[in-house]
Amino acid sequence: MYAALSCATSAYPMHTLGASRAIVSSSRVSASPFHLKEQIFVPEHFSGSTGYGHEEAGGREALDQAFAEIFGAESAVVRAQFFSGTRAITCALFAFLRPGDELLAVAGAPYDTLEEVIGIRDSNGLGSLKDFGIGYREVPLAEDGELDWDALSISLKPHTKCAFIQRSCGYSWRRSLSVDEIGRAIGIIKSQNPNCLVMVDNCYGEFVETIEPPMVGADLIAGSLIKNPGGTIAPCGGYVAGRKKWVEAAAARLSAPGLGVDCGSTPGYIMRTIFQGLFLSPQMVGEAIKGSFLIAEVMAARGYKVQPLCRVPRHDTVQAIQLGSRERLLAFCEAVQRSSPVSSFTKPIAGATPGYASEVIFADGTFIDGSTSELSCDGPLREPFAVFCQV
């Protein structure tokens with residue numbers, strides 16, 4: 001059964017996909033500081049649970065273990081109750097940080113939906129990190145849009161408790177980070193303060209490369225199941241993976257101290273689709289990367305700036321195109337919606353969306369609301385009017 005999980009080689013020989021091999025191969029897991037078990041227990045049926053989730057028949061633990069093994073982590077918590085990547089990331093940040101600590105973003109500004117979590121934008125006293133007395137700084141990107149390695153090498157202060165690395169470009173016009181670059185950044189951070197914890201926003205990056213951030217020293221990573229790991233069929237959920245102590249602390253933010261990873265109901269049909277989505281995800285990621293090559297090639301040929309450039313290795317599934325005007329951004333999203341497998345008859349409308357600082361337009365005729373791996377794009381209505389595609 002597992003042989004089918006091997007990802008095909010990309011259309012471009014320079015870029016190969018093989019993340020799923022970690023499910024059955026010990027060669028990749030050995031690169032991680034954590035080696036759990038030679039075999040993963042998979043329940044013969046995917047019975048879920050109700051209420052407190054005490055009688056979940058092993059499926060929940062098997063799912064957590066599978067994610068930990070794949071990501072090269074010591075532990076993982078995968079739950080339907082992580083209803084978005086932002087929710088999973090928030091639990092991870094609150095696992096690390098306490099009043100008086102500082103959060104340092106090392107890849108420029110974070111994604112829009114984290115601004116109110118951090119307190120960059122006013123959360124109206126609803127419980128941002130700033131509300132809890134947690135400071136924030138960021139290391140701006142270098143002029144070429146890359147990480148500013150020199151600035152990073154002197155960036156930590158004594159009270160910097162957590163360094164935050166966003167793997168994907170988000171809504172910034174920058175190249176997404178490779179896992180090797182993340183590992184280099186972690187090395188620079190730990191050389192200044194070995195006790196500084198590193199949190200990686202892994203959204204859109206899962207399974208694009210053959211290694212993942214925990215394998216290069218990340219203390220925690222977090223992401224959404226309705227992005228890459230859900231294989232287009234997981235109906236909800238997210239994950240946090242990394243060092244066991246901090247995974248349990250993140251789980252306590254999701255549930256409650258003392259409950260942690262031991263509670264949480266998951267209906268059987270959701271448990272099955274999360275497992276099945278994980279099984280399908282390498283293939284879906286491979287298809288998305290092929291789509292990003294096509295979009296970059298076509299739009300660059302028409303004179304538009306694209307990020308990443310054509311025919312270069314990908315580090316996530318996002319392809320950005322700088323359209324230059326509000327009208328072009330709206331027209332592009334409308335065209336994507338018309339070509340979508342679901343709701344092709346609807347017209348996307350830009351507007352205010354919870355968590356976002358600007359008007360945003362979304363084209364996502366997808367089978368799962370908010371999923372991005374079938375055919376979708378979105379973008380904020382602000383300069384440089386870039387659209388971010390996930391196909």
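**Cores and cysteines in a predicted model**

Visitor: Is cysteine 169 buried or exposed?

Guide: In this predicted model, cysteine 169 is buried, with a relative accessible area of 2%.

Visitor: And cysteine 162, buried or exposed?

Guide: Cysteine 162 is buried as well, and its relative accessible area is 0%.

Visitor: How many disulfides are there?

Guide: The count comes to zero disulfides. For cysteine 162, the nearest cysteine sulfur belongs to cysteine 196 and lies 6.5 Å away, whereas a disulfide needs the two sulfur atoms within 2.5 Å, so cysteine 162 is in no disulfide.

Visitor: Switching topic, which residues touch the most other members in the largest nonpolar core?

Guide: Those are Phe67, Ile165, Ile189 and Tyr239, in a core that holds 47 residues. Among the elements that each supply at least two residues of this core are helix H2 (59–71), strand S4 (160–166), helix H6 (179–192) and strand S7 (238–242).

Visitor: Which element gives the largest share?

Guide: That is H8, which contributes eight residues to this core; helix H8 spans 268–301.

Visitor: What lies apart from that core?

Guide: Another core, of 42 residues, lies apart from it, and its members include Leu93, Tyr111, Ile118 and Phe164.

Notes. Residues are numbered from 1 along each chain as its sequence is written. This is a predicted model: local features need pLDDT of at least 70, side-chain atom pairs count only at pLDDT 80 or more; totals for chains, interfaces and linings use all residues. Side-chain values use heavy atoms; hydrogens and water are left out. A nonpolar core is a set of buried Ala, Val, Leu, Ile, Met, Phe, Trp, Tyr and Cys residues joined through side-chain atoms within 4.5 Å. Buried means under 20% relative accessible area, exposed over 50%, partly exposed in between (1.4 Å probe, protein chains only). Helices (H or I, at least four residues) and strands (E, at least two) are DSSP runs, numbered from the N terminus.
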